[in-house]
Amino acid sequence: MATVQDLLRPSIKALKAYSSARDEFQEETSDMVFIDANENPFNNGVNRYPDPQQNEVKDLLSEIKNVSKSNILLGNGSDEVLDLLMRAFCEPNKDNIIILPPTYGMYEVLANLNAVETRKVLLSEDFQPEGDQILDVADSNSKILFLCSPNNPSGNSFKDYEVEALLKKFGGIVVIDEAYIDFSNQDSWLDRLEEFPNLVITQTLSKAYGMAGIRLGICYASQEIIKVLNTIKPPYNINVLTQNKAVELLKQTDVISDEIDSILIERSRLMSDLKSISYVSKIYPSDTNFVLVKVDDATTRYNQLIKEGVVVRNRTTQPLCENCLRLTVGTPLENKMLITALTKLQ
Ligand code: PMP
């Protein structure tokens, strides 16, 4: 099997990182004078560049997720992390990635941006990966396989044995996008990071952790991969306000877990209420904070709901999602408004 060094783009292997002014020094831990970065010296809370290695945030994540700091890289949302991975491993106009539609749209957008071919293998009818077909379309230029589990927009998790087989047999990097893992009763693949050198896991503070507004995405991988990503990331990619807010809120793990509990209770209630809507023909199981439903005519229902002041996501053009709407679980009041609108439209 190819090693990480074999899989990296030659230009990335040769790349020397930009050395930022604060790589070696931490302002807070020193009484030195910092006249190295052409900043305005007058303190207003944001006049200094942020910590390029985001040590405080990583310390907290490392504790919460039980992973070593050296296995963590942070990005401006997990979208930036996904882009860094693409740029590290995929040579433009040569390499390809494999995605499993219906899935998160950014993988293909980022591939297009980076002039990387996207190969698609549809999920099965019950939204599981088709291992043999995936390995059939892969070749030596297939550098990344994106597995979104729990999957957006279907809401389900992929079976462990399917994922494990792909980790063993796929010749490139396997990225498991766990944006919704904190809503799931399945285990994260984080515990098995050491076992698979080609495993990369992405998570985010945007969903269960309630911090979509600060844009903080997380990549967990081997130290070897994290070192490369650190070389190519923009020097100060996580701003001061984001780092401070993340540190503040990550200390409140009890609040976060109460919110998750409440979202999960609301998800069950919503799923049960949806059963009484005559034109909802299918409610898909969910391991996330959203529910995919099949209706009689998704586009008509989508437009009707907007007129009732409720905005949902119309997924009807996605493969295997004909006439499907994706409904995010809101507050009890928001969910009630959704059900009231859906009932009215019967
Ligand atoms: N992965 C999946 C599966 C998502 O659904 C999303 C956001 N919708 C992301 C990644 C991106 O998250 P972030 O806010 O961290 O960029």
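A: For the classes used here, Ala, Val, Leu, Ile, Met, Phe, Trp, Tyr, Cys and Pro count as nonpolar, Asp, Glu, Lys and Arg as charged, and the others, Gly among them, as polar. The model is predicted: local features need pLDDT of at least 70 and side-chain atom pairs count only at pLDDT 80 or more, while totals for chains, interfaces and linings use all residues. Residue numbers start from 1 along each chain as its sequence is written.

The shell around the ligand holds four nonpolar, six polar and two charged residues. These are Gly 77, Ser 78, Asp 79, Tyr 104, Cys 148, Asn 152, Asp 177, Ala 179, Thr 204, Ser 206, Ala 212 and Gly 217, where a residue is near the ligand if its C-beta atom, placed from the backbone, lies within 6 Å of it. Helix α4 (residues 77–89) contributes the most to this shell, namely three residues. Helices (H or I, at least four residues) and strands (E, at least two) are DSSP runs, numbered from the N terminus.

Asn 152, one of the shell residues, is joined to Pro 153 by a cis peptide bond with an omega of about 20°. Another cis bond runs from Ser 149 to Pro 150, with omega near 0°. Pro 150 sits in the loop between β4 (142–148) and α7 (160–169), and Pro 153 is placed in the loop between β4 and α7 as well. Most peptide bonds are trans, and most residues other than glycine have a negative phi.

Arg 215 is not a glycine, yet it has a positive phi of about 60°. The loop that holds Arg 215 runs between β6 (199–204) and β7. Arg 215 has 20 other C-beta atoms within 10 Å, so it is buried; the cut-offs are 20 or more for buried, 12 or fewer for exposed and partly exposed in between, with C-beta atoms placed from the backbone. Asn 38, in the loop between α2 (10–13) and α3, also is not a glycine and has a positive phi, about 55°. Asn 38 is exposed because it has 7 C-beta neighbours inside 10 Å.

Helix α3 (residues 55–65) has Val 57, Lys 58 and Leu 61 as its buried residues. They cover an arc of only 95° around the axis, so they lie on the same side of α3; the arc is that of the directions from the helix axis to the C-beta atoms. Their cover includes β1 (72–75), β7 (217–220) and α9 (240–250), a contact being two C-beta atoms, placed from the backbone, within 7 Å. Just after α3, Asn 66 has a positive phi of about 55°.

Now the whole chain. An automatic or database domain assignment gives domain 1 (4–251) and domain 2 (254–344). The contact between them takes 20 residues from domain 1 and 20 residues from domain 2. On the side of domain 1 that touches domain 2 there are ten nonpolar, seven polar and three charged residues. The C-alpha centres of domain 1 and domain 2 are 29 Å apart.

The protein chain has twelve helices and eleven strands. Of its 346 residues, 36% are buried. The C-alpha trace spans about 70 × 50 × 30 Å along its principal axes.
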